[in-house]
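I begin with the aromatic side chains.

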Amino acid sequence: MTSFEPIATLAFRRASLCAGAAVILGTLLMANPAAAGDPRGVVELFTSQGCSSCPPADKLLGEFTKDPSLIALSLPIDYWDYLGWKDTLADSRFSARQKAYSAVRGDRDVYTPQVVVNGVRHVLGSDRKGIETAIEKSHGEHGIMSVPVKLSREGHYLNVSVAASAGHYAEVWICAVSKAVPITIGRGENSGHQIVYHNVVRNVLKVGDWDGTANTWSVPLENISREGVDAAVAYVQDGTRDRPGPMLGAAYTSLAN
């Protein structure tokens, strides 16, 4: 004979299971802050409007910008400008940053499209699996993305807060970002194509040095603002501008009203 439990009893058991799952989830989130929304990776794409291999990487970066666990940035370089098209978004500081990463690694791997993950691993910018693997392998190494960072706008200021974390010394930077920039390319390898560049860094500013103690900085928006800027990123990175190391933490905020 088949026996049946009263509906009220079944409902009670289901409610108990749901409550138990909620408790377990809450415990996991407390044990792993990254699961609660802290980013696990900073993905920097070095790209160029004059590079025929870059559009797939630019598109892929746009997909990564939709992942709330990642901070994905486009850093257009200028060393391909001589090929017939001057990149309208390029900044020589980004070319220098890419070369600085290479110098720290001790190799000569400077190319486009190139992604640097969490300041320590480089991957072909159009290789989704390679980028995802680099994120997973780098997360947690050398304190990577272990420092909570908060970024918020209050009036005409951006406030950056970095939590305490012993044993670290790093630099704190803010990037002014344009979320989406469509560009029609007139000459060169991508002539006639319109490409949308995502989370394009338009300006960078060093906020200060961080010695491992909790600290907060306030930065006037006018110090980083440019036409088309509608978001900002703050990051804490080991090393210096000339010798960049592991990303220790980062945060993103929209500036759109």
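How many aromatic pairs does the structure hold? I worked on a predicted model, and I found 3 aromatic pairs in the structure.

**Entry 1: Phe46 and Tyr101.** I looked up this pair through two values, since a pair of aromatic rings is described by the distance of the centres and the angle of the planes. The ring centres of Phe46 and Tyr101 lie 6.4 Å apart, and the planes stand at 75 degrees. An angle over 60 degrees counts as edge-to-face, so I recorded the Phe46–Tyr101 pair as edge-to-face. I then noted where the two residues sit. Phe46 belongs to strand β1 (residues 41–47), whereas Tyr101 belongs to helix α3 (residues 92–105). The two residues are 55 residues apart, and their pair links distant parts of the chain.

Are Phe46 and Tyr101 buried or exposed? Phe46 has a relative accessibility of 0% and therefore counts as buried. Tyr101, at 2%, counts as buried as well.

**Entry 2: Trp80 and Tyr82.** I next examined the rings of Trp80 and Tyr82, whose centres are 6.4 Å apart. Trp80 is partly exposed, with a relative accessibility of 26%. Tyr82 has a relative accessible area of 63% and is exposed. I also noted that ring pairs join Tyr79, Trp80 and Tyr82 into a cluster.

**Entry 3: helix α2.** Which residues of helix α2 are buried? For this helix, residues 55–64, I listed Ala57, Asp58, Leu60, Leu61, Gly62 and Phe64. I found that the buried residues of α2 pack against β1, β2 (70–76), α4 (128–138) and β8 (194–210). At Phe64 I recorded a further feature: the charged end of Arg128 sits over the phenylalanine ring, 5.8 Å from the ring centre.

**Entry 4: an open sheet.** In what order do the strands of the open sheet run? I read the order as β5-β6-β9, with 3 strands and antiparallel pairing. The edges are β5 (149–154) and β9 (215–220). Each of these has a single partner strand, so one side of each lacks a neighbour in the sheet. On average, neighbouring strands here are turned by 20 degrees against each other, direction ignored.

I then followed the pairing of β5 with β6 (residues 157–162), which is antiparallel and runs over 6 bridges. Within this pairing I looked up Glu154, whose bridge partner in β6 is Tyr157.

Terms used. Residues are numbered from 1 along each chain as its sequence is written. This is a predicted model: local features need pLDDT of at least 70, side-chain atom pairs count only at pLDDT 80 or more; totals for chains, interfaces and linings use all residues. Side-chain values use heavy atoms; hydrogens and water are left out. Rings of Phe, Tyr and Trp (its six-membered ring) pair if their centres lie within 6.5 Å; planes under 30 degrees apart count as stacked, over 60 as edge-to-face and the rest as tilted. Helices (H or I, at least four residues) and strands (E, at least two) are DSSP runs, numbered from the N terminus. Buried means under 20% relative accessible area, exposed over 50%, partly exposed in between (1.4 Å probe, protein chains only). A charge sits over a ring if NZ of Lys or CZ of Arg is within 6 Å of the ring centre and within 35 degrees of the ring normal. Contact means heavy atoms within 4.5 Å. Two strands pair if DSSP finds at least two bridges between them. Axes are lines fitted to C-alpha atoms, for helices over the stretch in contact, and angles run from 0 to 180 degrees between N-to-C directions.
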